[in-house]
Amino acid sequence: MDGNGRWARRRGLPRAAGHRAGVSALTPVLETAGELGIESLTLYAFSTENWARPAEEVETLMSLFLETARKKLPEIRERGARVRFVGRREHLPEPVQRAMREAEENTAANDRLNVYIALNYGGRSEIVDAARRMLAEGLSPEEVDERTFARYLYAPEVPDLDLLIRTSGEMRVSNFLLWQIAYAELYVTETFWPDFSRDEFLKAIEDFASRSRRWGGV
């Protein structure tokens with residue numbers, strides 16, 4: 001969900017205003033995903049690299065997450081969506097961890113749309129943590145193949161990505177779900193995340209639907 005800061009700067013606003021505007025873009029995206037019958041949607045909210053941002057901005061982002069969880073959770077639950085988080089939870093503030101647990105518990109029975117929120121997430125960190133868990137359980141090299149490795153990821157039930165959408169014109173994967181995007185289709189739009197509307201989402205889906213996917217075949 002890129003471009004919040006640049007969206008704010010172009011309007012002469014503080015970066016916090018851009019992050020707040022970015023929250024408003026969630027509703028149309030979730031609505032559209034539900035209407036289209038999309039089964040899983042992952043939102044990259046805060047990366048392991050984002051801790052390098054100014055402390056004031058990090059604090060703002062954490063406060064905004066708590067506010068969003070409080071306000072959006074009833075709406076998400078009503079839509080039949082199930083919320084789960086991926087990332088290194090133990091490094092997040094305790095109030096944030098508590099809000100994450102509550103969101104997961106309160107939506108656990110829903111099955112219309114799986115919403116994964118990547119919070120304090122890094123693709124390389126996920127792969128390292130998976131390897132650590134396998135070593136801790138004493139797996140031998142002969143026991144490890146791709147299917148086994150995938151079971152040790154943060155959320156093993158997350159399917160491989162079909163489509164990776166990058167807003168604000170970013171031409172990189174930014175350490176996002178590195179294992180799961182092996183054969184994802186990429187869609188890049190110059191639109192900043194706060195302006196990512198239903199129409200923009202549909203445009204990305206239509207573009208994806210027009211592609212021929214061969215997974216290395218012919």
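User: Why is the pair Arg79 and Glu31 called a salt bridge?

Analyst: A salt bridge is a side-chain nitrogen of Lys or Arg within 4 Å of a carboxyl oxygen of Asp or Glu, and because the closest N and O atoms of Arg79 and Glu31 are 2.8 Å apart, the pair meets that definition. This is a predicted model, in which local features need pLDDT of at least 70 and side-chain atom pairs count only at pLDDT 80 or more, while totals for chains, interfaces and linings use all residues. Residues are numbered from 1 along each chain as its sequence is written, and side-chain values use heavy atoms, with hydrogens and water left out.

User: What makes Glu185 and Arg213 a salt bridge?

Analyst: Their closest N and O atoms are 3.8 Å apart, so the pair falls within the limit for a salt bridge. Glu185 lies in strand E5 (residues 185–188) and Arg213 in the segment after helix H8 (198–209), so the pair ties together parts that are 28 residues apart in sequence; helices (H or I, at least four residues) and strands (E, at least two) are DSSP runs, numbered from the N terminus.

User: Which residues are linked with Glu185 in a network of salt bridges?

Analyst: Asp162, Asp207, Arg211 and Arg213 are linked with Glu185 in that network.
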